[in-house]
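Welcome! Here is a short briefing to read alongside the sequence and the 3D view.

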Amino acid sequence: MEEYRRPSWDEYFMEVANAIAKRATCDRGRSGCVIARDNQVLATGYVGAPAGLPHCDEAGHQLKQMVHEDGTTTTHCVRSVHAEQNAICQAAKNGVAIKGATLYCRMTPCRTCAMMIINCGILRVVCEGKYHAGAESEAMFKAAGVKLEYVHEEVEKYEKQ
């Protein structure tokens, strides 16, 4: 019988983020997020449409294409609010300060999420894996002094990237 090993705080919060992801309503990236400080959960969020609006699971995806400077095109669902954005909104709505916190999420935050994370004063981001278009976010975090860590280096794959 294997001896029980208590999870580290990072492992614990990542497990919580993955449990929260089960509430996500966009199958392109069922993602969850936890914002924690001093080993306490401050806020959580998952991918889903704004309150009162139809979710992808009900209404289908609202896909938009983005053409990048190098000519590549990526496809994004714009019906849903990202898990990181929803966690930040939950903290704001409830008057919870998240400055100095750590954010746990499934993959490298997108550019918009990265900018919000930086402006909120979050100091550390722990990702389960990498986002296929995460290089710009990685560079912004580095320039802003936000520590970025990965559980593993694999790139998250989903349909119509």
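**Overall picture**

The protein has five helices and seven strands, where helices (H or I, at least four residues) and strands (E, at least two) are DSSP runs numbered from the N terminus. Along the sequence they follow the pattern α-β-β-α-β-β-α-β-α-β-α-β. This is a predicted model, in which local features need pLDDT of at least 70, side-chain atom pairs count only at pLDDT 80 or more, and totals for chains, interfaces and linings use all residues. Residues are numbered from 1 along each chain as its sequence is written, and side-chain values use heavy atoms, leaving out hydrogens and water.

**Size and burial**

- The C-alpha trace spans about 45 × 45 × 35 Å along its principal axes.
- Buried residues (under 20% relative accessible area, with a 1.4 Å probe and protein chains only) make up 40% of the 161 residues.

**A hairpin**

- Strand 3 (residues 63–67) and strand 4 (residues 73–77) pair in the antiparallel sense over five bridges; pairing requires at least two DSSP bridges between two strands.
- Leu-63 has Cys-77 in strand 4 as its bridge partner.
- Five residues lie between the two strands of this hairpin, and Gly-71 in the turn has a positive phi of about 95 degrees.

**Cysteines**

- The structure holds zero disulfides, a disulfide being a pair of cysteine sulfur atoms within 2.5 Å.
- For Cys-26, the nearest cysteine sulfur is that of Cys-56, 3.7 Å away; Cys-26 is buried, at 4% relative accessible area.
- For Cys-127, the nearest cysteine sulfur is that of Cys-105, 3.8 Å away; Cys-127 is buried too, at 0% relative accessibility.

Conventions
Buried means under 20% relative accessible area, exposed over 50%, partly exposed in between (1.4 Å probe, protein chains only).
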